[in-house]
Amino acid sequence: MATGRISLTRFLIERQRDKALINADLRLLIETVARACKAISHAVNKGALAGNLGSAGTDNVQGEVQKKLDVLSNEILLEANEWGGNLAALASEEMEDPHPIPTHFPKGEYLLLFDPLDGSSNIDVNVSVGTIFSVLRCPKAASGEGYCEADEKAFLQPGTAQIAAGFAVYGPTTMLVLTVGDGTHGFTLDREMGSFVLTHPDIRIPEDTAEFAINMSNMRRWEAPVKRYIDECLAGKTGPRGKDFNMRWVASMVADVYRIITRGGIFMYPRDDKNKAGRLRLMYEANPMSFIIEQAGGASTDGRGRLMEVKPEGLHQRVAVILGSKNEVERVTAYHKE
Ligand code: AHG
Ligand code: MN
Ligand code: MN
């Protein structure tokens, strides 16, 4: 069957064989995550038919009410990834502590972090949700033999140490967006064939934009530089920017970031009076998305500096996020410096 299609498997094999960018273990890891995303996509798609909507009646470590799909997606990712022999441990937004590899399975050199279901508030209202993941290398043990104890400390590496990152968005089509450090690439799920197909190679984010994404209901709580930036956008053609701006806010980071890598834009969840450190999670949301955005020619900052250079202090740490079209992100950064 000559289709000329490049499947995720072929894409990864080529990165392994021709470019020596990844090894077989990392390839297996990414394929396993992608397979889990297919299962989550299916569960999201079935919705009420499979009894998948609504609350699970439990709270996660962040004190947020868990939806059934938060719990199910977390289980799907754990179950898919723990037996492969390529991981030292896993960490999830939905679990307080790192998840060790069960002793009857072999261990490997990688650490996997994920936000199993991003955009939980949109599940029951039938709006796009997704999965975000990040891969780090487990530091070598001090003895030089094998890998370190994969405790919380092993995970506390800056975003610049990421080996791979990606996200799936379960929207009108299910897409997987991936980087292994040589650009950002998009794959569409072919449901009948059951495979992800490379449909958006080498995604580039336009450097300029006239579209911003922010939760405006927090406006009164923002810091001055963010307030100034948005005020100037809202002033439109006759204001200091000399052009009209459009606004979008899906409240699923995966969907907002997908739009930005497709047509440009700036996404902001800044720190404010209520979320003093920011709202989004550094390890599960901010770092992987920053890696993807930078690899697509965009920029990402916490307002003070490059987001991926933030030194993590806790697994569930929150951070301010400003990312997207380069020139706009640089403008907001400059306002912070003034
Ligand atoms: P999660 O569902 O994993 O908790 O993440 C939701 C995040 C992110 O996806 C989105 O950008 C943001 O929270 C929305 O926050 P608001 O509801 O405050 O707008
Ligand atoms: Mn999230
Ligand atoms: Mn989540």
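Student: In this predicted model, how far is an oxygen atom of ligand 1 from an N or O atom in the side chain of Tyr-269?

Tutor: Good place to start! A polar contact needs a pair of N or O atoms within 3.5 Å. An oxygen atom of ligand 1 and an N or O atom of the Tyr-269 side chain make such a pair, and their distance is 2.6 Å.

Student: How much of the 480 Å² that ligand 1 exposes when taken alone does the protein bury?

Tutor: The space that ligand 1 takes is the largest pocket. Of the area the ligand exposes on its own, the protein buries 87%.

Student: Which residue has a polar backbone atom 2.8 Å from an oxygen atom of ligand 1?

Tutor: Let's keep side chain and backbone apart. The side chain of Asn-215 has an N or O atom 2.8 Å from a ligand oxygen. For the backbone, the residue is Gly-119.

Student: Which strand gives the most to the shell around ligand 1?

Tutor: Three strands each supply at least two shell residues: E5 (110-118), E13 (266-269) and E14 (280-281). With 3 residues, the top contributor is E5.

Student: Which domains each supply at least three residues of the shell?

Tutor: By class, the shell has 7 nonpolar, 4 polar and 6 charged residues. Among the residues that come nearest are Asp-118 and Met-253. At least three shell residues come from each of domain 1 (8-200) and domain 2 (211-337).

Methods. Residues numbered from 1 in each chain as written. Chains lettered and ligands numbered in written order. Predicted model: local features only at pLDDT ≥ 70, side-chain atom pairs only at ≥ 80, totals over all residues. Heavy atoms only, no water. Near = heavy atom within 4 Å. Polar contact = N/O pair within 3.5 Å; in protein donor to acceptor, adjacent residues only side chain to side chain. Areas by Shrake-Rupley, 256 points an atom, 1.4 Å probe, with all protein chains shown as cover. 1 Å grid on protein atoms, 1.4 Å probe; cavity = no way out; pocket = protein on both sides within 12 Å on 5 of 7 lines; lining within 4 Å. Sits in = over half its atoms within 2 Å of the grid points. Helix = DSSP H or I, 4+ residues; strand = E, 2+ residues; numbered from the N terminus. Nonpolar A, V, L, I, M, F, W, Y, C, P; charged D, E, K, R; others polar. Domains from an automatic or database assignment.
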